[in-house]
Amino acid sequence: MEADAAPAAGADDLAFMRAALALARRGLGNVAPNPAVGCLIVRDRRIVGRGWTQPGGRPHAETEALRRAGEAARGATAYVTLEPCCHWGRTPPCTDAMIAAGLARAVIAARDPDPRVNGEGIARLRDAGIAVTEGVLEAEAAALNAGFILRVRAGRPLVTLKLATTLDGRIATAGGESRWITGEAARRLAHGLRARHDAILIGSGTALADDPELTVRVPGLVPRGHPGPVRIVADGRARLPLTARLVATARAVPTWVLTTPGADRHRVAALADCGVTVIAVPPDPNGQPEPLAALRALAQRGITRVLVEGGSRLAASLLRAGLVDRLAWFHAPSVLGGDATPAIGALSLPHLSAMPTWRVVEEERVGPDRLLVLGTEA
């Protein structure tokens, strides 16, 4: 943090940055590969401009807020949840727009880890005479854009594992019946989770057993004109039937299949002919797409946030590899017993200290069920 950054933010700075973070959340799930950013322009303690990253990643939050503020931006303060960009892409740098608008001050939550920015955007603002305060609600801003940050720093997206189980961790009866374990309120909230992710990932077993659509079916959660999250199937042998609903709708909603180089080339070609994007990655010992290689392939295609919805084998492979960053666990007040299908397959842990662990982020009642959200962030 720079020397002129305030050691403790004032009440106004905290309040306005919280509002900017709320704006930024509107972009989750529809701005990849860009970060979801919020911006407020404040003059004399009055908000004169609001902006957030628009669907597709453009326009940026800063230029949207400045456009709405107009001349009122001169001498004002900008509250931005992520360091403004300072490089040319499809649009001019946001730092140039902020300088041209005549801002007096900028309050920035977190630095952008992109090596083209990372401190340079802040330096340009300071060089232009704009007072900059960094680090206001930095942890909250970093958590909001954890997927973008992971993609830049680790070359993979954020992974959220969604589970909907009985109290004893089961997702289906011994005979395979699974609809529905949780109630309607939990299922509606699960659609909200889908809308805030760039992609939904399932295993081939789930695709074959359930023939799901994997779409967001609650009105208003996906911006108009946006197709919703990419549907992805981890399918090492390219078994997904051409009659599957995912394949039948692939030209309307992006559908990808993660497979391996050993998959039948005729099946791969047939899926591609139906509009499915087929991505081959190295196999794991079981002939399925190796988890880290698969996630890196998704990141290379712009994915920053992945929601994993099943099944138990896919969940276990990601857990074994240490690649589950967050859990969204819906618990129904019921039990199915040891002969029912577990939510997570065998992990073959040698001792208790090898158990994957998270911290509780929040817990809430959802109709008759409960949602437990856990994360790995400190």
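## Residue classes and the model

In this report, Ala, Val, Leu, Ile, Met, Phe, Trp, Tyr, Cys and Pro count as nonpolar, Asp, Glu, Lys and Arg as charged, and the others, Gly among them, as polar. The structure described here is a predicted model.

## The largest cavity

Rolling a probe the size of a water molecule over the atoms shows where empty space is left. A search of the whole structure identifies two cavities of 30 Å³ or more. The largest cavity holds about 60 Å³ of space. Its lining is formed by 16 residues, and those closest to its centre are Leu-28, Asn-34, Asn-145, Thr-304 and Arg-305.

When the lining of the largest cavity is sorted by class, eight residues are nonpolar, six are polar and two are charged. Helix H6 (residues 146-154) supplies the largest share of this lining, with three residues.

## The second largest cavity

The volume of the second largest cavity is about 50 Å³. Leu-28, Gly-29 and Asn-30 belong to its lining, together with Ala-195, Leu-221, Val-222, Pro-223, His-226, Gly-228 and Pro-229. Six residues of this lining are nonpolar and four are polar, while none is charged.

H5 provides the largest share of the pocket lining, namely five residues. By class, the lining of the second largest pocket comprises 18 nonpolar, three polar and 10 charged residues.

Ala-65 is situated in helix H2 (residues 61-69). Is this residue, Ala-65, buried or exposed? Ala-65 counts as buried because its relative accessibility is 0%, and the cut-off for a buried residue is under 20%.

Leu-40 is 25 residues away from Ala-65 in sequence, yet the two are 6.3 Å apart in space, C-alpha to C-alpha. Leaving aside residues up to four places away in sequence, Ala-65 touches Cys-39, Ile-41, Gly-49, Arg-50 and Gly-51.

Definitions and conventions
Residues are numbered from 1 along each chain as its sequence is written. This is a predicted model: local features need pLDDT of at least 70, side-chain atom pairs count only at pLDDT 80 or more; totals for chains, interfaces and linings use all residues. Side-chain values use heavy atoms; hydrogens and water are left out. Helices (H or I, at least four residues) and strands (E, at least two) are DSSP runs, numbered from the N terminus. Buried means under 20% relative accessible area, exposed over 50%, partly exposed in between (1.4 Å probe, protein chains only). Contact means heavy atoms within 4.5 Å. On a 1 Å grid over the protein atoms alone, a cavity is a set of points where a 1.4 Å probe fits but cannot get out, and a pocket is an open set with protein on both sides within 12 Å along at least five of seven lines; lining residues have an atom within 4 Å of a point. Grid points are joined across faces, edges and corners, and a volume is the space filled by probe spheres set on the points.
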